[in-house]
Protein chains: 2
Amino acid sequence: MHRYKSTWNFSLIDAMMGKMTDTKHTIVFQPSGLRGKIDDGVTILEASQKLGAGIESVCGGKGICGKCKVRIEEGFFAKYGINSSIASVKNKGQANRKLIKPRQLKQGYRLSCQTRIYGDVVIFIPEQSRKGQQVIRKEATPRDIKIKPVVKKYAVGLKPASLHDALGDFERLQNELSNTHKLKNLTIDYTVLQKLQNTVRDGNWQVAVSVWHGKEIIDVAAGQATNSYGLAVDVGTTTVAGYLCDLATGEVLATGAMMNPQVAYGEDVMSRIGYASKGKKELKQMNRVIIQCLNKIAGEVANKSGIKRSEIIDIVLVGNTCMHHLFLNVDPQYLGKTPFAPAIHHSVDIKAHDLGLSIASGAYVHVLPIEAGFVGADNVGVLITEEPYNQDEMVLIIDIGTNGELILGNRKKLLSTSCATGPAFEGAEIHHGMRAAPGAIEKLEIDPKTKEVRFKVIGNEKWNTEDKDIKALGICGSGIFDVAAQMFLAGIIDKGGRFNTSLKSKRFRNGDNSGEFVIAWAKETGIGQDIVVIQRDIRAIQLAKGAMYSGARIMMNRLGIKKIDRVVLAGAFGSYIDKESAAVIGLFPDCSPENVTAVGNAAGDGARIALLNAGKRKEADVMARQVEYVELTVEPDFNQSFTDALIFPHARDKFPSLQHLLPQKD
Amino acid sequence: MHRYKSTWNFSLIDAMMGKMTDTKHTIVFQPSGLRGKIDDGVTILEASQKLGAGIESVCGGKGICGKCKVRIEEGFFAKYGINSSIASVKNKGQANRKLIKPRQLKQGYRLSCQTRIYGDVVIFIPEQSRKGQQVIRKEATPRDIKIKPVVKKYAVGLKPASLHDALGDFERLQNELSNTHKLKNLTIDYTVLQKLQNTVRDGNWQVAVSVWHGKEIIDVAAGQATNSYGLAVDVGTTTVAGYLCDLATGEVLATGAMMNPQVAYGEDVMSRIGYASKGKKELKQMNRVIIQCLNKIAGEVANKSGIKRSEIIDIVLVGNTCMHHLFLNVDPQYLGKTPFAPAIHHSVDIKAHDLGLSIASGAYVHVLPIEAGFVGADNVGVLITEEPYNQDEMVLIIDIGTNGELILGNRKKLLSTSCATGPAFEGAEIHHGMRAAPGAIEKLEIDPKTKEVRFKVIGNEKWNTEDKDIKALGICGSGIFDVAAQMFLAGIIDKGGRFNTSLKSKRFRNGDNSGEFVIAWAKETGIGQDIVVIQRDIRAIQLAKGAMYSGARIMMNRLGIKKIDRVVLAGAFGSYIDKESAAVIGLFPDCSPENVTAVGNAAGDGARIALLNAGKRKEADVMARQVEYVELTVEPDFNQSFTDALIFPHARDKFPSLQHLLPQKD
C-alpha cells in the first residue's frame, strides 16, 4: 500500500482499517511475524512460550546458557501503532551484562529469559536462538527443461612444458581447447590465472576446464573432470530459496531456504527501500546480509549433496526489483519515487566474487532481467517458465508474494503490472496472523449452518481433532484466504466485508465498533488465548485482493477483452491456497475452476531453467522488453476500479463460473 | 647469475670474485644499496652520516622525534657474505621501547640514533625516514604517437524519466549512445551501475560517459565532459615510474617515480622469486607493496596535475616477467625453474579495482604481453617503440636493467634473449657502488699517463673541482662503465681484468691477492674514506658485460650474420652511460659509434604508446608472439662464448670501429 506517492484513497483505507486499542502490551516476534498481547512484566522468554515463538532455552531460563539471545528492534512497525523501543524492557538481573558484550547490548541484544517487558516491543530472534525450523514452501516443481548449460566442462591433457617448448600455461591450454574443442579466442578469469600454474602441475598436466559461454575459462581443476554444479536462487522479500542442480543432467540435488535476513530492516519492499535509502552504510548493510544468506544457502545445499561450495560454478538469480537492486548493492531509492525507474532492465553477469559470493572464484552470477520498476526478475522467471508468449489462450498469471505481480496476455501481446498487496497474505497485518510455520492454521472450513470451524495446522497430519501434536498458534496466508471465503460464504461477513452483527453464535463477539469471530478456542491453541479474526483483518484482506483484482481488470480493459481463458497461480504461496477460496473472495476475474492451476514457485523454476539453458537467458532478455508495463496509478479509472474490487467477490462483475458457490442475492 | 639451474662455470666465477676479509663491520643501506665499513659500536645514524645514507634526524639524535626509524633486515645478502641479523645491534637506551610499538620492534624497527652496531647489518630506510630525494632516471622521451586511445569520453544529454517513459537509466544511456554515437551493445561496469542513478540525477540528466574499447561503459560523471587521463607505468626491478597523460592530446602531464618497495624482499629478480615462492602470504605481501606503490605514484602525478586520482581512467603497465607476475599476484616460482614457463604470454585486461588500484572504479589495467619466461612486457614496450619489425637494418636493442634483455633482427626475423647481468650495473655488487642518487660518481675519466682521475657527481654541475656542493659517496651504474673502460684504456687493468701489479701510482695499492685503485680521496668524499675500485668490482663488471655480449653473439650466430647495423641502448640507464665506455669494455659486438644510440626508457615509452593508441596494443600481442626466444643455457657453445666475452672487449672478436681507441696489442 505504501509504495507510491499514491493517488489511492487513503482516507477510505484508514477508515476501513479502524484503530485498535488495548491495555496489554503488543509483542511481535521477527522474522516469523508472530504477534500477540502479553501482560506487563513478563519476560521475553515467557511471552515467546505463551505465543509459541520458539526461542531456544537450554538452561531453562536461568540466565546461564546464553542461548536465548534476541534483539529488541527500535522503531519498527511504528506505522502499525507499535512503539517498539529498548526502553520498553528492563533487565531482570546481572546476566545480560555478564553474557552479552557491551557492543551487542548497545545494539539491543538481550537474553530473553532475563529481560522483562513493560511496553510494546518488536523482538528479532536470530537464527541461532530459534527453536525448530521455519517451514519454507519453495520446493522446485518438476519441469521439462532442455539441458544446454552456459558453463561446460572439458577434460584437457596438456603436453608438459620443456626448454624447447616453454610456452606459457594459458596459451598451452588455449591452444589445446582450440584444437580439440574448437573453442577460439578464449580468455581466462583473473583469479583462475593466478592459480593456473600450480593446478596444471598438481594434475600432472591433466586438467578439467570450465568454460563460460564458450568465451572464458572460469575454472581449472587438477585431474580428471567431475560433475558441474550450478545454483538457481529465488530471493523473495520474505524467503530466499536455492536449488543446487547438476548442470549436465538438470537434476535438483538439494534445496535450501532461509528467511530473508533483510526482514530485520523492514517487512515489505517499501520499508526496505526506506531503510536502504538512508545512506551508503545502510545500503551496504542490507546488501551484506543477503550475500551472507546466499553463502549460507550455497553452503547448505553443497553440504547436503556432498560437494564443496567452491564446486558451484554458476548461479542464476531472480528477485523483485528491490531485491535485485539490494543484491547488486544498487541504491533502490528511485524504485520508491515516481516515476519508479530502475537502474537497469537488462540481465546482468557479474563475477560472483565481486559480490562477495563464496563459490568457484571465477564463476559468474547471472541476474535475470527486470520488466519495470515494480515487475522484477522474479516475474521474468515466471514468464520464461510459463511462456504465455507462445500461447493462443488469454492467460492471467498471478504471482502472489509480499508484492503481487500480474501478467496478462498471449502470443499477440503481453501486459504486466504490480500491486502492493501488503504483507496481509504473509500473515503480517492480520491480528493473529503468522508466517507459514508449525502451528499455523493453513486450511479452514466453516459450517454455513452451525458456524462451527474445522481447521488444519501445519505440522499435524489431521484436522483439528483431539490427538494433535502441535497446537494452533495463528493463521498463515493460505488460512487467511479460507477465513475470508468461508466467513463470507457462511454469512458471518457480508459482501462489503462487515460483520453480520445480528449473527447468533458463541464464536461471534460484538465489540465497540468492531466484532471478532473465534477461529480456535484458547484450549485448542498454544498461545493461551482464542485465535480470532477481527474486522481489521477482513479489511486488510479486502485491500490486498482488491489491489490484485483491479490490476487484472485494468489490464483486461487495456487489451479490450471480456474473458480470461486461464488463470495461473504462481508463487510458492499459490500452491497452498485453496483455488475456490481465492475465486470466491474475488482475487481474480471470473474463470472456470478447471482452468485455474497452481504452478508452484515459477520464479524459482525460471531461475533454474535459465541456469540450465543458455537460450532461455536470451529469451528472457528479449521477452522482458516486450511485456508492456501498466502503471496502475496513472490509470484514470483506477480509484473506481479498486473501490469496486474491495467487495466480495466484486461490486459489479459477474461470476458465471462461481454461481453454484456464491450466496444468493441479498 | 642465479636464475638458472645453470650450466655456467660457477667455479670460474667464484675464483674470479675472490673473497673479501675485513675486521670492521659491513653495513648496507637499502634501498639505495650504499655500503661501507664502520667501526664497532657506532650508532646507525652515525654510520649513515659517515656513508651519506641520508637518514632523517629532526631532533639531532636525541631519541625524541622518532623520525630516524629504520628496519634491520634479517638474513639479506647472506650470499655476499654479509650476516645481517638483529643480534648485531643493541639499544642505546630506552627510547626504542618508548617510541616504537612492540609489533614493529619485533619486525626489526629501531631508531637509528639509539641503536649501536656490533656486527654486519643490512638496514632498510623507509621512505618517511629518508632525507632528500632519490634521483630516478626514467624521464619520458618525446615520441611521435598517433592518438587513438582505448577509452573515449562522450557528452550525453538524456531525456528525464517520466511515468510515461520509466525506462531504466542504463537502457536510457545505452539508447542515447547508440543513437548519437553508433555505440551498439554497450555493457556497463558493475561499480558504475551502482552509482548510475545518483550520478544521472546529480548531473540533471547531463553526463560524461567513458567507454572502453567501444564496448563497456567504465565511468559516468555528472555534468559536462572534462579531459580524460591515463597512466603509463613501468615497473622496474629497482625503480617504478608512472607517466600521467592526457588521453586526447597525448601530453605527459606529470611523471612520478619511486623505488620499487619489493627491494626490501630482494635486490634482484631471482631473490624476489625466491621470497614470493615461500608461500601465499609472502606472495601477497610482495603484491601488496607494489600495488601500494602504484597507488602512491598515481596519487602523486594526479596531485601534480591538479586532478583527482579517481579521474585516471586507464592504465597500461610494463615490467619484466617477474614484476608482471607479482603485480598480478601470480606465483612466479615457475619463472625460476626450468623450463621457465610463464603463466601467460598474452596481454591482460583486468579491472583496476580487482587489483586494489585506487583509480576510477570501472577502469581497466592493460598489461602488455610478455615474450618468454625471461623476456617481459618491458621488452615488448621496447619492441613496439623501436619497431625493429618494420626495418631492414639489422638492429641490436639492449635494455640494460637489473636484468638485461636483448632483441636482434629486422623485418625478416627477430630473436630475443635475456641475460642475468646481476645488480652490478645498479651499483649493488660493487664495493663502493650505489644507486643513482646525489653523491654518486656518474662520469669518470683517467689520464692514461698520470693515472689521475676526474669525476662528476650527481647533484653537482661541474666535475670534481674544489667548489662542489655535494661530496662523492660512491659510484653508480654509469660511473662503473667509465671506471672499467678508463682503467682498461689507462692500462691499470689488462684485457683479462687483472690489475697491472707493476703500476706505479699513489692511487694503486697492492693488497694480498687483490689490489685497489683510488677513485676519490677521502677528503673529496662524504664518507670519510677513499672510494676505491677493487679486483672483485672489475670481475662483477666482466661477468655482467660478458653475459650481455655472449647473448648478442649467440643470436648473431643463430641468424648467421657477421655484422650489426645499429645498436640501440634502451633503458633509462642506457641514456646515462657513455657509449664509448660501453663499446670499449665490450658490452656489445662491433658497431660504428655513430650508429649506437640511446633511446631512454623505451619500455616506459612503450607503455605510454599503448596507453594512447589502441592499435599498438594489438600490435604488441601479435609481435610479442613473433619474436623467437633464445634460451642461452641450452646453446651448446654458450660456456665458451661467455668465457670469451669476459675479456675486455672480447677474446677473439675484432672491433674495427674501435681501433683508434683500443690499446695496441701487447
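# Helix angles, peptide bonds and a chain contact

Q: Where in chain A does Pro339(A) lie?

A: Pro339(A) is in the loop between helix 9 (321–327) and strand 16 (348–351) of chain A. Helices (H or I, at least four residues) and strands (E, at least two) are DSSP runs, numbered from the N terminus. The model is predicted: local features need pLDDT of at least 70, side-chain atom pairs count only at pLDDT 80 or more, and totals for chains, interfaces and linings use all residues. Residues are numbered from 1 along each chain as its sequence is written, chains are lettered from A and ligands numbered from 1 in the order in which they are written, and side-chain values use heavy atoms, with hydrogens and water left out.

Q: What is the peptide bond between Thr338(A) and Pro339(A), cis or trans?

A: The bond joining Thr338(A) and Pro339(A) is cis, with omega about 5°. The bond from Phe648(A) to Pro649(A) is also cis, and its omega is near -20°. Pro649(A) sits in the segment after helix 17 (638–645) of chain A.

Q: Why are helix 7 and helix 8 of chain A called oblique to each other?

A: The axes of helix 7 (residues 269–276) and helix 8 (residues 280–304) of chain A cross at roughly 130° and come within 7 Å. Angles under 35 degrees count as roughly parallel, over 145 as roughly antiparallel, 65 to 115 as roughly perpendicular and the rest as oblique. Helix 7 and helix 8 of chain A are therefore oblique. In this contact (heavy atoms within 4.5 Å), Arg272(A), Tyr275(A) and Ala276(A) of helix 7 meet Glu282(A), Leu283(A), Gln285(A) and Met286(A) of helix 8.

Q: What makes helix 10 of chain B roughly perpendicular to helix 14 of chain B?

A: Helix 10 (residues 377–386) and helix 14 (residues 602–612) of chain B pack at about 70°, with their axes 7 Å apart. That angle makes helix 10 of chain B roughly perpendicular to helix 14 of chain B. Among the residues in contact are Val382(B) and Ile384(B) of helix 10 and Ile609(B) of helix 14.

Q: How many residues does each chain give to the contact of chain A with chain B?

A: Chain A gives 40 residues and chain B gives 40 residues. The buried area (accessible area, 1.4 Å probe, lost by both parts on being put together and summed over both) is about 3,500 Å², and carbon and sulfur atoms give 62% of this. In chain A, Leu163(A), Tyr190(A) and Gln197(A) lose the most area to chain B, together 19% of what that side buries.

Q: How many salt bridges are counted between chain A and chain B?

A: The count is zero, where a salt bridge needs a side-chain nitrogen of Lys or Arg within 4 Å of a carboxyl oxygen of Asp or Glu.

Q: Which helix of chain A gives the most to the side that touches chain B?

A: Helix 6 of chain A gives the most, with seven residues.

Technical notes
Buried area is the accessible area (1.4 Å probe) that two parts lose on being put together, summed over both. Axes are lines fitted to C-alpha atoms, for helices over the stretch in contact, and angles run from 0 to 180 degrees between N-to-C directions.
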